[in-house]
Amino acid sequence: MYFKMSRTDLLNMLSIVSKAISSNSPLPSLLGVKFDVKSNKIELTGSDSDISIKTTKEKSDDAVFEVYEEGSIVINKNYITDIIRKIDSDVVEFEIIDGSLTKISGNSSEYRINGIKSYEYPLIDFSKPEKQFSISSTVLKNIINQTYFATCVQETRPALTGINFNCDQGKMTCIATDSYRLARKIVNLDEDVSFNITIPAKSLLEVSRLLDKEELVTVSLTDKKAQFICNNTIIQTRLIDGAYPDTSRFVPVSFKYELNMDIKDLLNAIDRQSFIKNENDTFCILKLSMNEDEIIISSRSQEIGSSKEKLNFESYVGEPLELSFSGKYVYDALKGLNGNKVKIQFCGEMKPFIITSLEDDSTLQLVLPVRTFS
């Protein structure tokens, strides 16, 4: 293998595939980036076995890229990224000079790095599944950013560590829950496809981070994997096995109380109240006291003290109501909404409440209240 290419182009490619590489893989080859060099293109691959990313650079008139000898090699991600980032040259050359010993040079700098034979890298099937649909990168990022925080971080319930995508007759419902809160986003697709899959939240976060501009993303699916194809990059992830729980019965459809107010006002109030919590609590418990005349948010800790704040609100409908909730859960839910005005609907003191935007009803957030004994 012997080629040269633009340092900037190579650094961009390394940045993309490195997002799939774990720093503590038990398999040495998966700590590295796989280089596949053909006569007219170079492919870089990174993987942690759950998520795999392949990006391709083809020869073009507007880029420096010359291939003198085809070949492939695997080089440790940290070493190769540091070298390409620090090397003082606009063009870098790669050459395998002895077995897996790779020479990387540019201007007056030269490095010789021991690589790994490419046959030691796991075989990853990047073949494109037949079932597919197209979606705007902005819409896909919104789906992920408005739901992923509600997934479960514990592996005891694997299905809840992912986001469920259920599509029927062109309507795709995306749901995440950890049993204490739920986030749901509904979008319409142009294609009439049907599927019910659960994708790990970790993989979807990497997809979101790679979508940095408005473009069309092709999503291809089987019952084992999902591919997100954008320009010259393929992000492939395994799916989570097992049925996703039916969450529809948890979402109330009738309400006795409703609060409308500015999202930023509520976010700022929660932020101001959330520093008061007991030492052993993982998050702050806040209390809402509501009637038609005033809305008060408060917090109390035996160790620290207490605080309360009267909120500005637009309207409240219903009898007086008091309930407690996780400040973090409601804060996350509000951050997952589009628009400036929020509508919160309640069923009762210890029943789930619904948070939606008055300007965008495609996103729904559900939070369970917390029982307090004070």
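Start by selecting residues 91–98 and 101–106: these are strands β7 and β8, which pair in the antiparallel sense over five bridges. Strands here are DSSP E runs of at least two residues and helices are H or I runs of at least four, numbered from the N terminus; two strands pair if DSSP finds at least two bridges between them. You're looking at a predicted model, where local features need pLDDT of at least 70 and side-chain atom pairs count only at pLDDT 80 or more, while totals for chains, interfaces and linings use all residues. Residues are numbered from 1 along each chain as its sequence is written, and side-chain values use heavy atoms, with hydrogens and water left out.

Now click Ile96 and look across to β8: Thr102 stands opposite. At the turn of this hairpin, two residues sit between the strands, and Gly99 has a positive phi near 65°.

To see the two strands face each other, pick Lys4, which has Glu93 of β7 opposite.

Hop over to Thr45, in strand β3 (residues 41–47). Is Thr45 buried or exposed? Its relative accessibility is 5%, so Thr45 counts as buried (buried means under 20% relative accessible area, exposed over 50%, partly exposed in between, with a 1.4 Å probe and protein chains only). Show what surrounds Thr45: not counting residues up to four places away in sequence, Thr45 touches Val17, Gly32, Val33, Lys34, Ile53, Lys54, Tyr121, Ile124 and Phe126 (contact means heavy atoms within 4.5 Å).

Which backbone oxygens does the Gln227 side chain meet? One belongs to Phe126, 3.1 Å from a polar atom of that side chain; the backbone oxygen of Ser127 is also reached at 3.1 Å. (A polar contact is a pair of N or O atoms within 3.5 Å; within protein, one must be able to donate a hydrogen and the other to accept it, and residues adjacent in sequence count only if both atoms are side-chain atoms.) Beyond four places in sequence, the contacts of Gln227 include Pro129, Thr218 and Ile235.

Last stop: residues 201–210, helix α4. Eight of its 10 residues are buried, so α4 is largely enclosed by the rest of the structure.
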